Amino acid sequence: MLKVEKLDKKYGSSYAVRDLNFTVGSGELFAFIGPNGSGKSTTIRMLTGLLKASGGSVEMFGEEMGPGKTHLKARLSFIPDTPDLMGKLTGREYLNFIASVYKIDEAVFLEEQQKLLALFDLEGKLDTLIEEYSHGMKQKVALIGALIHKPDILFLDEPTVGLDPKSNRNLKNYLREYAESGRTVFLTTHNLSLAEEIATDILIIYNGRKLAQGTLAELRKMAGNETAGLEDIFLELTEVSGNDPSDT
Amino acid sequence: MIRLILDTERRALLNYWRVLGESRKIVYILIGLLLMLILLPLVTTLLFSITASIDQGYLDLLLLMLSLASAIILVLLSIHFIIKDMILSGSIALYMSYPISAAELFYAKFIRHNLFYSTSILLPLSVVVGAALAARDGQWMLMLNSIIYFIVLGMFFTSISFGLVFLTANMMPVKKVSEILAFLGGMSFLLIYIIMFIVADSFTGILAMFPEIPISFSGILYDYSPVAGILGPILMIVAAIAIILLTKFIVVRAIDRVGITEGHSTGRRKAGRSSISHPVIMLACKDMKLSFRNIRELAVLLPIYVLPLVLVYFSSPAEAGAQFLVMEGSQLVSTAAGGALVTALYIGAHHTARDAEHFQMLQVLPVPGSQLAFAKYIFNILATVPFLMIIFTITWFFSTAGVDILLYMLACILLVCLAAVPVGMLIGSSNPVVSRKNPSRRLDTASNIIITMIMFVVFMMISMLPFWLEGNVMGVRQGLIIINILAICAVAAWFVLGRVAGRYDEGFKITYKD
């Protein structure tokens, strides 16, 4: 479904992302983790066609991804870490707008909207201007907008920031079911317990390069600690790499 | 603590200046020199000569008008900067997280805003007026009283501004207050146009139109008498202290009781209906809502919509006061075309640059650049053509031109807008700006300069029209030639629209400010 080969992004003379290779299959819940400034957001922006790569390729559904590929964009959704929603629209108007540009059937839209509003506890709150929503409510509207057209691949950058505990748990369950239905979820997060709990595959990026990739069990093996949590593995691997002079 | 806050603000200002780009510094210095060398001497000379030579019977009215004019300008200016500095920047929340009391914060901010936006303007004004009044009567105590009067007036204005911001911020969202006040600020520019239309060449003629006022500055600001001259300033200072204390009470209460944050929420809007539509229609509707719900945005655009009326004035200045506009048909058609060109360029550029604010969201949507550009084109045509047609139809009613001229005018407006909107969109998409502190700022300096230069040329040409077209009557042949040329331009503009679509696909080069 998603194939990344030798992906580079260069700003001036320094690399934000370098020689990144990985594949993500259907039905996977892929966690893409790394410290601040490691190149996560840059990578995700290249994968979604928002940013041109300096080198390498991104293949999605067997086709090269790029800024003008609207038919590919129709099959994905992306929520950045700070969603730039249009503040002067109400939540309902925003969702009408999204449903229209994704050309969803009206009956399907109304049914899905109802389900998602209940999931995120947003019923009866759609007729307020988005600029008057709290951060968490904005995040919920962005999530509903991203999920409503049932994309084949869903890119989420820090999706749980600002969500209340109930919505957080509902989102986790929803994402699990979503992946189990054969669709793909690509997730970046600093919330390592979330990644540990739901991810089927984990990639750790550090200084723009792939540091490790695998299931939690495989990462434990790499770190040489069979009982360690993802947080311990993450710190272990990034600290070792940080001390390696060849890495800089 | 107050000194500490003021010192921090001073350092922040100095740092802002230090990190400014060289080109921006040069622009600021040039503007400063322009003000110092041209505008200031002009205003000083004018004010001094009017105050020194005016008939004594009109002095009270003159001083009252000066005070009221300063009040309108300075209160709007202060309110704008108080909202920007204290609320939109989130500085209240920041300062209140330290061991600083709301009263200390108020005093520090009051001193800063009073010095920057009232005293800095009113002190020179008081010196000029005071010198003129002192020279009239040969009593130099009037100079001191004038300085005290205007400085105290400045304190009143700053207090009123703080009071208005913090009283309304308790009742409605701060963003809305900011938008409404910015709108009023934009509307106040209309006053300039109105003055241009109405003001005759005699200043005293206008003063004579006013009724007698129950206020007298005699003994304090002119015709000095020891009792009024000493008691007056003392009373003014006492009143200023009282109003500052009252304002402090309002501000401290607002900060302590509810806290002032950007996200102060209001009630819900009328329940809407969930439905879908064609993407282009939805994109245009989205723009319509973003425009009409943002009063701050309207404040920026309103003067542009009124500009064509200024062009009408420029093209027949000698007859501005007459019952009918004595304009040739060719003059009317040219003015309509010039007005449409200026308006369509600016509106097109501004609305396109606005997309930078949520460009990432637009880019991720499965909508090609061609559709995004087309939807924006449709919206811009809707946002310009009907308004211009109404303005020029009203203008035509006041002229002696025939129906054929009205039809030519309307055709010209439509065709010029069809041709100029894509050019405006191209300018707006070249390097748009996203500013958190000044959200209605959309265009970068280069784009602003390009549009201003075009406006300047159009203004110059329109003002020359009466001389060029004198005696030329517009016939069917000329009309058809003009319409054909404009139609070719409108078709050619589709190529420009294609370039704009390309920019939507490639991504805008956005400059993020603040």
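Colleague: In what order do the 6 strands of the open sheet in chain A stand?
Modeller: The order is S6-S7-S8-S3-S9-S10, with mixed pairing. Strands (DSSP runs of E, at least two residues) and helices (DSSP runs of H or I, at least four residues) are numbered from the N terminus. This is a predicted model, where local features need pLDDT of at least 70 and side-chain atom pairs pLDDT 80 or more, while totals for chains, interfaces and linings use all residues. Residues are numbered from 1 along each chain as its sequence is written, chains are lettered from A and ligands numbered from 1 in the order in which they are written.

Colleague: Why do strands S6 and S10 of chain A count as edges?
Modeller: S6 (76-79) and S10 (209-214) each have a single partner strand, so one side of each has no neighbour in the sheet. Neighbouring strands of this sheet are turned by 15° against each other on average, direction ignored.

Colleague: How do you know that S6(A) and S7(A) pair?
Modeller: Pairing asks for at least two bridges found by DSSP, and these strands have 4, in the parallel sense. One example is A:Ile79, whose bridge partner in S7(A) is A:Leu156.

Colleague: What about S1(A) and S2(A), how many bridges join them?
Modeller: There are 7, and the strands run antiparallel. A:Lys3, for instance, has A:Thr23 as its bridge partner in S2(A). The hairpin has 2 residues between the strands, and A:Gly12 takes a positive phi near 65° there. S1(A) also pairs with S4(A) in the antiparallel sense, over 5 bridges.

Colleague: On to chain B: at what angle do H10 (residues 279-292) and H14 (residues 369-397) pack?
Modeller: The angle is about 50°, with the axes 9 Å apart. Axes are lines fitted to C-alpha atoms, for helices over the stretch in contact, and angles run from 0 to 180 degrees between N-to-C directions.

Colleague: What makes H10(B) oblique to H14(B)?
Modeller: Under 35 degrees is roughly parallel, over 145 roughly antiparallel, 65 to 115 roughly perpendicular, and the rest oblique. About 50° falls in that rest, so H10(B) is oblique to H14(B).
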